[in-house]
Amino acid sequence: MKYPLTQIWHRGLGMVIAAILAIALAACSPATSTLPSRLVVPTPSGPGTFNYPLNQSAYSIFGYIYDSLLRENPYTGELEPGLAESWNVSPDGQKIVITLRDNLKWSDGEEMTVDDIIFTYNEIYLNDKIPSGTADILAVGEKGQYPTVKKLDNRRVEFSVPEPFAPFLRYAGGLPILPAHALASSVRTLDAQGNPLFLTTWGTETDPNKIIGNGPYRLASYAANQRVILQKNPYYWRQDAQGNSQPFIEQIVWQIMESTDTQLLNFRSGSLDTLDVQAEAYPLLKPDEKRGQYTIYSSGPDTGTVFLTFNQNQGKDAKTNQPFVPTAKSRWFNNKAFRQAIYYAINREVMKNNIYLGLGALQHSAIPVQSPYYLSPEAGLKTYQYNPEKAKKLLEEAGFKSENGRLLDADGNPVQFTILIASGMKVRSQMATQITQDLGKLGIKVFTQPLEFNAFVARLRRRDWEAYLGGFTGGFEPHGGYVIWSVNGRLHSFNQGPQPGQEDIVGWKPSDWEQKIDDLYIQASQELDEEKRQELYGQTQQIAAEELPFLYMVNPLSFEAIRDRIENLEYTPLGGAFWNLYQLKIKE
């Protein structure tokens, strides 16, 4: 299943912003019920919040309840009108004037205006008291200056930046707009600690009728760990050529099914309209397409990443003055030779063939192979093929030694650590099992700890973990990943620094190479020459391949099974199956 690109965490964590533009539902996969106008969406985790700027989960309903000003064409990737009817970019690329459509309304019937845009950017996204990852990707230049956003008239808003910013238009037009009439008070009112009440607004305990959006659906009900029900938004702006209001599908049920095996069983029984097809299920489902009345589509290689990462945070919890990572383990994880040895010791070819049935390729970079900014191994990207002897040599040179089948560090500490994984994801569990077996051959003891997805994310935010197996969404525009590569980014998970609204960290520091990647991302965002941008992003990939903050695993082919009873479906590699959800109908 594809998930809305506006979501930060994916399959174990979460990435923005390629995300940002396909908020138009380009990705969520609905599923069915016996009702002619209902779809049911299988999801492995419930929502972590209904507050978009505070969301850190890949699994959310924001793609249904919000539209963006501009959207990506699902065939070409070029920008098209959304809530905005037009836009104009100045010759120097530093000013954008966006004109809203007339008569837009929120899902509660209130008018949507330019004032909502001004509020969303100036008081939420660019508010240093609100910890939103969007601020990371909106920062321009080395000084991290933000765009200015001002009202020109009731329908026109002007975005401007102090210096050239290559992804400017995509970000200015791609983020959700939030309702000032519903949220302004919570943003402007502070609690006893000086934090905006907004930080505790629109959580999952909120009355669903209080959640206001501008997308094709609005929240109707939520039952924790069971389902979210969304109802057609009667105030949605789209109409077909005959003037009929869209969307045509009346209701979506977002069914929470943690186990991928459970999702498969429900799809095969006919109760779901769609399924994110795992590699192991493909041979089972493909021959049964005609009888099961569904079609399996593929968008090619997944644009996201799956990786193992170690906690390199050398800081201490300000409350307890205890290090997040035990001192000995912190030394291992911060040793580049240790990380490289681990990578050489993992047999990713076996992982690809056994877990993904050969339906994929080894992954080497955070930037997807479809992106023009991808640096291939042929062009000079360092790669790590399975080589246990090289792994042993690196460990020996770094002072590790083997005794009685166990690997010990220079101080005699046995090398062992725990990998966190999100429960219910069978492929992740299988990957963790293989990693455990491969590293066991070096004398390393590995434990795995499955956690429910939202608990998994919360644990990562606490920083008291050793390693985790996770993933991020990806996109063609690399700057969407700046929230990961910025040393202050919210998704800089392998060495997470202080974040707004959290306790201070004692002794946290980024390494020189982390800062270098950060600097290169800033330079690339300011560079308008495409060849030079490619060169700069190539340098970031070379540094990451040498230092290994993330050990990338396998890039699988993406498959999605969809019932044939869904009409007007136009599957595209960029947009997936539901980019035009507002046009879809259910056959009677």
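Phe165 has a relative accessible area of 3% in this predicted model, so Phe165 is buried. Tyr171 is buried too, because its relative accessibility is 2%, and buried here means under 20%.

The structure holds 41 aromatic pairs by the rule used here. One of them joins Phe62 and Tyr66: the ring centres are 6.3 Å apart and the planes lie at 25 degrees, so this pair is stacked. Phe165 and Tyr171 form a tilted pair, with 6.2 Å from centre to centre and 55 degrees between the planes.

Which residues place a charged end over a ring? Two examples are Arg238, over the ring of Tyr582, and Lys585, over the ring of Phe248. Here they are side by side:

| Charged residue | Ring | Distance from charged end to ring centre |
|---|---|---|
| Arg238 | Tyr582 | 4.1 Å |
| Lys585 | Phe248 | 4.7 Å |

Finally, a word on the wider layout. An unreviewed UniProt entry carries the annotation "domain: Solute-binding protein family" for residues 78-485. In the model, that span is 28% helix and 22% strand, and its end C-alpha atoms lie 25 Å apart.

Notes. Residues numbered from 1 in each chain as written. Predicted model: local features only at pLDDT ≥ 70, side-chain atom pairs only at ≥ 80, totals over all residues. Heavy atoms only, no water. Phe/Tyr/Trp six-rings, centres within 6.5 Å; stacked < 30°, edge-to-face > 60°. Buried < 20%, exposed > 50% of the residue type's maximum accessible area, 1.4 Å probe, protein only. Lys NZ or Arg CZ within 6 Å of the ring centre and 35° of its normal. UniProt positions renumbered as here; feature names shortened; annotations may be inferred. Helix = DSSP H or I, 4+ residues; strand = E, 2+ residues; numbered from the N terminus.
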